[in-house]
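Hi everyone, thanks for coming. Let me put the model up on the screen, and then we'll walk through a few parts of it together.

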Amino acid sequence: MSRVVYGGQSYECGGKSVLDCLTAQGVHIPSSCRSGVCQTCLMRVVDGAVPEKSKEGLNPTLAAQNYFLPCVCYPEQDIEVVLPEAGMDKLEARITRVEFLNADILGISLKPSRPLEYRAGQFINLFMDETTARCYSLASVPSLGEELFLHVRKVPGGLVSGWIFADLKAGDNITISEASGDCFYVTGKPEQNILLIATGSGLAPLYGIIRDALLNGHRGKLSLYHGSYNTDGFYLVEELRRLAQNHHNLSYVPCVSDGNAPTGYAPGMVLDVALADHPDLTGWRVFLCGNPDMVYAAKQQTFFAGASMREIYADPF
(Lines give C-alpha, C1' and ligand atoms only; values in the text may rest on other atoms or scores of the structure.)
Protein backbone atom coordinates (compact mmCIF):
# COMPACT_ATOMS: atom_id res chain seq x y z
CA MET A 1 0.00 0.00 0.00
CA SER A 2 1.43 3.38 -1.01
CA ARG A 3 2.35 6.03 1.55
CA VAL A 4 2.55 9.83 1.37
CA VAL A 5 5.23 11.71 3.27
CA TYR A 6 4.40 15.34 4.08
CA GLY A 7 5.97 17.60 6.68
CA GLY A 8 8.13 14.78 8.00
CA GLN A 9 5.12 12.54 8.68
CA SER A 10 4.16 9.41 6.74
CA TYR A 11 0.55 8.49 5.97
CA GLU A 12 -1.01 5.41 4.36
CA CYS A 13 -3.19 6.32 1.36
CA GLY A 14 -5.52 3.35 1.63
CA GLY A 15 -6.91 3.91 -1.86
CA LYS A 16 -7.65 7.58 -1.21
CA SER A 17 -6.38 10.52 -3.24
CA VAL A 18 -3.37 12.35 -1.83
CA LEU A 19 -5.63 15.25 -0.85
CA ASP A 20 -8.17 13.03 0.92
CA CYS A 21 -5.39 11.07 2.63
CA LEU A 22 -3.78 14.21 4.08
CA THR A 23 -6.97 16.03 5.04
CA ALA A 24 -8.31 12.89 6.74
CA GLN A 25 -5.27 13.09 9.02
CA GLY A 26 -5.98 16.72 9.90
CA VAL A 27 -3.43 18.23 7.50
CA HIS A 28 -4.65 21.52 6.04
CA ILE A 29 -4.14 21.69 2.26
CA PRO A 30 -5.81 24.57 0.36
CA SER A 31 -8.48 23.13 -1.93
CA SER A 32 -11.75 23.99 -3.63
CA CYS A 33 -13.27 21.91 -6.45
CA ARG A 34 -11.57 18.61 -5.51
CA SER A 35 -11.92 17.47 -9.12
CA GLY A 36 -8.71 18.70 -10.80
CA VAL A 37 -10.20 21.85 -12.31
CA CYS A 38 -9.43 24.83 -10.06
CA GLN A 39 -5.80 23.83 -9.23
CA THR A 40 -6.14 25.38 -5.74
CA CYS A 41 -4.64 22.26 -4.13
CA LEU A 42 -1.48 22.26 -6.29
CA MET A 43 1.48 20.42 -4.72
CA ARG A 44 4.93 19.28 -5.77
CA VAL A 45 6.41 15.78 -5.51
CA VAL A 46 10.03 15.80 -4.29
CA ASP A 47 10.59 12.04 -4.05
CA GLY A 48 8.95 9.31 -6.08
CA ALA A 49 6.62 9.76 -9.04
CA VAL A 50 2.91 10.48 -9.44
CA PRO A 51 0.60 9.17 -12.18
CA GLU A 52 0.53 11.33 -15.30
CA LYS A 53 -3.23 11.73 -14.92
CA SER A 54 -2.65 13.91 -11.86
CA LYS A 55 -0.78 16.42 -14.08
CA GLU A 56 -3.45 16.71 -16.77
CA GLY A 57 -4.53 20.30 -17.39
CA LEU A 58 -1.44 21.81 -15.82
CA ASN A 59 0.75 24.33 -17.60
CA PRO A 60 3.60 22.26 -19.16
CA THR A 61 6.23 24.15 -17.16
CA LEU A 62 4.47 23.29 -13.91
CA ALA A 63 4.32 19.63 -14.88
CA ALA A 64 8.01 19.76 -15.77
CA GLN A 65 8.77 20.95 -12.21
CA ASN A 66 6.92 17.94 -10.72
CA TYR A 67 3.79 19.82 -9.69
CA PHE A 68 0.58 17.79 -9.59
CA LEU A 69 -3.05 17.91 -8.44
CA PRO A 70 -3.42 15.88 -5.24
CA CYS A 71 -7.22 15.80 -5.46
CA VAL A 72 -7.01 13.47 -8.48
CA CYS A 73 -3.74 11.76 -7.59
CA TYR A 74 -3.96 8.12 -6.51
CA PRO A 75 -0.30 7.20 -6.00
CA GLU A 76 1.03 3.86 -7.16
CA GLN A 77 4.22 4.11 -5.08
CA ASP A 78 5.50 5.90 -1.98
CA ILE A 79 5.92 9.63 -2.55
CA GLU A 80 7.04 12.72 -0.64
CA VAL A 81 5.19 15.95 -1.35
CA VAL A 82 5.40 19.65 -0.43
CA LEU A 83 3.30 22.74 -0.99
CA PRO A 84 4.33 24.99 -3.92
CA GLU A 85 6.11 27.60 -1.78
CA ALA A 86 8.35 25.02 -0.09
CA GLY A 87 11.91 24.44 -1.18
CA MET A 88 13.20 27.98 -1.80
CA ASP A 89 16.31 27.42 0.31
CA LYS A 90 19.13 29.96 0.57
CA LEU A 91 22.72 29.34 -0.45
CA GLU A 92 25.92 31.32 -0.77
CA ALA A 93 27.43 32.44 -4.07
CA ARG A 94 30.61 34.25 -5.09
CA ILE A 95 30.56 37.06 -7.62
CA THR A 96 33.02 36.26 -10.41
CA ARG A 97 32.40 39.19 -12.74
CA VAL A 98 30.57 42.51 -12.85
CA GLU A 99 30.22 44.34 -16.17
CA PHE A 100 28.09 47.13 -17.61
CA LEU A 101 25.88 45.81 -20.40
CA ASN A 102 24.65 49.35 -20.99
CA ALA A 103 24.50 52.47 -18.82
CA ASP A 104 21.57 51.16 -16.75
CA ILE A 105 22.04 47.38 -16.75
CA LEU A 106 24.77 45.38 -15.02
CA GLY A 107 25.72 41.85 -15.92
CA ILE A 108 26.45 39.87 -12.75
CA SER A 109 28.15 36.46 -12.92
CA LEU A 110 27.84 34.23 -9.86
CA LYS A 111 29.26 30.88 -8.86
CA PRO A 112 27.00 29.17 -6.31
CA SER A 113 28.55 27.29 -3.39
CA ARG A 114 26.85 24.12 -4.60
CA PRO A 115 25.29 23.07 -7.91
CA LEU A 116 21.98 24.87 -8.44
CA GLU A 117 19.20 23.06 -10.25
CA TYR A 118 17.31 25.46 -12.51
CA ARG A 119 15.87 26.07 -15.97
CA ALA A 120 17.06 28.94 -18.16
CA GLY A 121 14.58 31.80 -17.69
CA GLN A 122 13.69 31.05 -14.07
CA PHE A 123 14.56 33.55 -11.34
CA ILE A 124 16.47 33.62 -8.07
CA ASN A 125 16.27 35.99 -5.11
CA LEU A 126 19.39 38.02 -4.38
CA PHE A 127 19.65 39.12 -0.75
CA MET A 128 21.06 42.46 0.36
CA ASP A 129 20.59 41.43 3.99
CA GLU A 130 18.64 38.85 5.97
CA THR A 131 15.24 40.29 5.09
CA THR A 132 15.79 42.46 2.00
CA ALA A 133 15.88 40.74 -1.39
CA ARG A 134 14.83 41.17 -5.00
CA CYS A 135 14.25 38.53 -7.66
CA TYR A 136 16.29 38.50 -10.87
CA SER A 137 15.83 36.27 -13.89
CA LEU A 138 18.58 33.92 -14.99
CA ALA A 139 20.12 34.58 -18.40
CA SER A 140 22.45 31.60 -18.05
CA VAL A 141 21.88 28.07 -19.35
CA PRO A 142 22.65 25.10 -17.03
CA SER A 143 24.28 22.98 -19.74
CA LEU A 144 26.77 25.76 -20.57
CA GLY A 145 28.46 25.87 -17.16
CA GLU A 146 28.00 26.25 -13.42
CA GLU A 147 28.03 30.05 -13.34
CA LEU A 148 24.78 31.99 -13.12
CA PHE A 149 24.29 35.20 -15.08
CA LEU A 150 21.90 38.01 -14.13
CA HIS A 151 20.95 41.29 -15.83
CA VAL A 152 20.28 43.90 -13.14
CA ARG A 153 18.59 47.16 -14.13
CA LYS A 154 19.24 50.21 -11.97
CA VAL A 155 15.89 51.35 -10.61
CA PRO A 156 15.76 55.04 -9.59
CA GLY A 157 15.70 55.02 -5.80
CA GLY A 158 15.85 51.23 -5.80
CA LEU A 159 17.22 49.89 -2.53
CA VAL A 160 18.70 46.61 -3.79
CA SER A 161 19.66 47.68 -7.32
CA GLY A 162 21.32 50.81 -5.88
CA TRP A 163 23.34 48.60 -3.53
CA ILE A 164 24.30 46.27 -6.38
CA PHE A 165 25.50 49.12 -8.60
CA ALA A 166 27.37 50.93 -5.81
CA ASP A 167 28.90 48.14 -3.77
CA LEU A 168 29.07 44.73 -5.42
CA LYS A 169 32.33 43.64 -7.03
CA ALA A 170 34.07 40.49 -8.17
CA GLY A 171 35.13 38.35 -5.23
CA ASP A 172 32.22 39.34 -2.98
CA ASN A 173 30.13 36.62 -1.37
CA ILE A 174 26.36 37.04 -1.34
CA THR A 175 23.27 35.05 -0.45
CA ILE A 176 20.85 33.85 -3.11
CA SER A 177 17.82 31.57 -3.17
CA GLU A 178 17.13 28.46 -5.17
CA ALA A 179 15.44 29.00 -8.53
CA SER A 180 11.72 29.27 -9.14
CA GLY A 181 9.29 30.40 -11.84
CA ASP A 182 7.56 28.85 -14.84
CA CYS A 183 9.04 31.02 -17.61
CA PHE A 184 11.31 28.48 -19.29
CA TYR A 185 11.61 26.27 -22.37
CA VAL A 186 10.01 22.81 -22.30
CA THR A 187 11.03 20.17 -24.82
CA GLY A 188 8.57 17.99 -26.70
CA LYS A 189 7.37 20.32 -29.48
CA PRO A 190 10.52 20.98 -31.54
CA GLU A 191 8.55 22.23 -34.57
CA GLN A 192 6.42 24.74 -32.64
CA ASN A 193 6.95 28.42 -33.44
CA ILE A 194 7.88 30.61 -30.47
CA LEU A 195 7.42 34.38 -30.10
CA LEU A 196 9.51 36.15 -27.45
CA ILE A 197 8.91 39.81 -26.53
CA ALA A 198 10.92 41.81 -23.99
CA THR A 199 11.61 45.33 -22.82
CA GLY A 200 14.70 46.42 -20.89
CA SER A 201 16.26 43.74 -18.72
CA GLY A 202 13.34 41.47 -19.63
CA LEU A 203 15.79 40.26 -22.26
CA ALA A 204 17.60 38.25 -19.56
CA PRO A 205 15.26 35.24 -19.31
CA LEU A 206 14.61 35.25 -23.06
CA TYR A 207 18.34 35.19 -23.81
CA GLY A 208 18.58 32.04 -21.71
CA ILE A 209 15.42 30.49 -23.14
CA ILE A 210 16.52 30.99 -26.75
CA ARG A 211 19.92 29.40 -26.24
CA ASP A 212 18.36 26.54 -24.27
CA ALA A 213 15.87 25.91 -27.09
CA LEU A 214 18.63 25.92 -29.71
CA LEU A 215 20.80 23.57 -27.65
CA ASN A 216 17.83 21.21 -27.44
CA GLY A 217 17.49 21.18 -31.23
CA HIS A 218 14.38 23.35 -31.54
CA ARG A 219 13.45 23.63 -35.22
CA GLY A 220 10.42 25.93 -35.19
CA LYS A 221 10.72 29.69 -35.53
CA LEU A 222 12.26 31.60 -32.63
CA SER A 223 11.20 35.22 -33.13
CA LEU A 224 12.73 37.61 -30.59
CA TYR A 225 11.63 41.26 -30.25
CA HIS A 226 13.39 43.58 -27.78
CA GLY A 227 12.00 47.06 -27.13
CA SER A 228 13.62 50.27 -25.89
CA TYR A 229 12.91 54.00 -26.07
CA ASN A 230 16.18 54.55 -27.95
CA THR A 231 19.28 52.61 -28.97
CA ASP A 232 21.03 53.36 -25.66
CA GLY A 233 18.71 50.89 -23.96
CA PHE A 234 19.79 47.87 -25.98
CA TYR A 235 22.53 45.39 -25.09
CA LEU A 236 23.84 42.05 -26.38
CA VAL A 237 22.89 43.31 -29.84
CA GLU A 238 25.91 41.91 -31.66
CA GLU A 239 25.75 38.61 -29.77
CA LEU A 240 22.10 38.16 -30.73
CA ARG A 241 22.72 39.11 -34.35
CA ARG A 242 25.54 36.58 -34.57
CA LEU A 243 23.30 33.95 -33.00
CA ALA A 244 20.59 34.70 -35.57
CA GLN A 245 23.11 34.48 -38.42
CA ASN A 246 24.17 31.04 -37.19
CA HIS A 247 20.63 29.69 -36.77
CA HIS A 248 18.21 30.06 -39.68
CA ASN A 249 15.13 29.66 -37.45
CA LEU A 250 16.09 32.53 -35.11
CA SER A 251 15.22 36.15 -35.87
CA TYR A 252 16.09 39.13 -33.69
CA VAL A 253 14.39 42.53 -34.01
CA PRO A 254 15.37 45.44 -31.72
CA CYS A 255 12.53 48.00 -31.68
CA VAL A 256 12.93 51.74 -31.01
CA SER A 257 9.74 53.34 -29.70
CA ASP A 258 10.87 57.00 -29.54
CA GLY A 259 12.20 58.91 -32.53
CA ASN A 260 13.88 57.60 -35.63
CA ALA A 261 15.16 54.05 -35.77
CA PRO A 262 18.61 53.67 -37.38
CA THR A 263 19.39 50.95 -39.89
CA GLY A 264 19.05 47.52 -38.31
CA TYR A 265 16.34 48.61 -35.87
CA ALA A 266 12.56 48.58 -36.28
CA PRO A 267 10.55 51.74 -35.45
CA GLY A 268 7.61 51.45 -33.07
CA MET A 269 6.45 49.87 -29.83
CA VAL A 270 7.82 46.37 -29.49
CA LEU A 271 4.40 44.74 -29.12
CA ASP A 272 3.01 46.53 -32.17
CA VAL A 273 6.00 45.51 -34.28
CA ALA A 274 5.85 41.88 -33.15
CA LEU A 275 2.12 41.54 -33.84
CA ALA A 276 2.39 43.28 -37.21
CA ASP A 277 4.96 40.66 -38.19
CA HIS A 278 2.94 37.79 -36.67
CA PRO A 279 -0.79 38.60 -36.78
CA ASP A 280 -1.83 34.94 -36.44
CA LEU A 281 -0.31 33.18 -33.42
CA THR A 282 -2.44 30.06 -33.57
CA GLY A 283 -0.32 27.16 -32.33
CA TRP A 284 2.54 29.41 -31.17
CA ARG A 285 4.21 29.48 -27.78
CA VAL A 286 4.72 32.98 -26.36
CA PHE A 287 7.13 34.41 -23.77
CA LEU A 288 6.62 37.96 -22.44
CA CYS A 289 9.09 39.62 -20.07
CA GLY A 290 9.80 43.11 -18.79
CA ASN A 291 7.68 46.21 -18.24
CA PRO A 292 4.42 45.15 -16.52
CA ASP A 293 2.21 47.37 -18.72
CA MET A 294 3.69 45.83 -21.86
CA VAL A 295 3.48 42.29 -20.49
CA TYR A 296 -0.17 42.58 -19.44
CA ALA A 297 -1.18 44.15 -22.75
CA ALA A 298 0.82 41.58 -24.71
CA LYS A 299 -0.74 38.69 -22.81
CA GLN A 300 -4.17 39.87 -23.87
CA GLN A 301 -3.28 40.75 -27.45
CA THR A 302 -1.31 37.58 -28.18
CA PHE A 303 -4.29 35.61 -26.88
CA PHE A 304 -6.60 37.55 -29.22
CA ALA A 305 -4.12 36.77 -32.03
CA GLY A 306 -4.71 33.04 -31.50
CA ALA A 307 -2.19 31.88 -28.90
CA SER A 308 -3.59 29.52 -26.28
CA MET A 309 -3.52 30.97 -22.76
CA ARG A 310 -1.75 27.78 -21.64
CA GLU A 311 1.05 28.59 -24.10
CA ILE A 312 1.59 32.19 -22.94
CA TYR A 313 4.30 32.62 -20.28
CA ALA A 314 4.46 36.07 -18.69
CA ASP A 315 7.10 37.47 -16.32
CA PRO A 316 6.43 41.17 -15.53
CA PHE A 317 9.09 43.15 -13.64
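Predicted model: local features only at pLDDT ≥ 70, side-chain atom pairs only at ≥ 80, totals over all residues.

Residues are numbered from 1 along each chain as its sequence is written, and side-chain values use heavy atoms, with hydrogens and water left out.

Strands β1 (residues 3-6) and β2 (residues 9-12) run antiparallel, joined by four bridges. Strands here are DSSP runs of E, at least two residues, and helices are runs of H or I, at least four, numbered from the N terminus; two strands pair if DSSP finds at least two bridges between them. Two residues separate β1 from β2, and Gly7 in the turn has a positive phi of about 60°.

Next, the open sheet: six strands with parallel pairing, in the order β15-β14-β13-β12-β16-β17. β15 (266-267) and β17 (312-316) are at the edges with a single partner strand each, so one side of each has no neighbour in the sheet. Further in, β13 (residues 222-228) pairs with β14 (residues 250-256) over seven bridges, in the parallel sense. There, His226 stands opposite Pro254 in β14.

Helix α5 (residues 237-246) packs on this sheet, touching β13 and β14; contact means heavy atoms within 4.5 Å. Thanks, all, and I'm happy to take comments!

Definitions and conventions: Axes fitted to C-alpha atoms, helices over the stretch in contact; angles between N-to-C directions.
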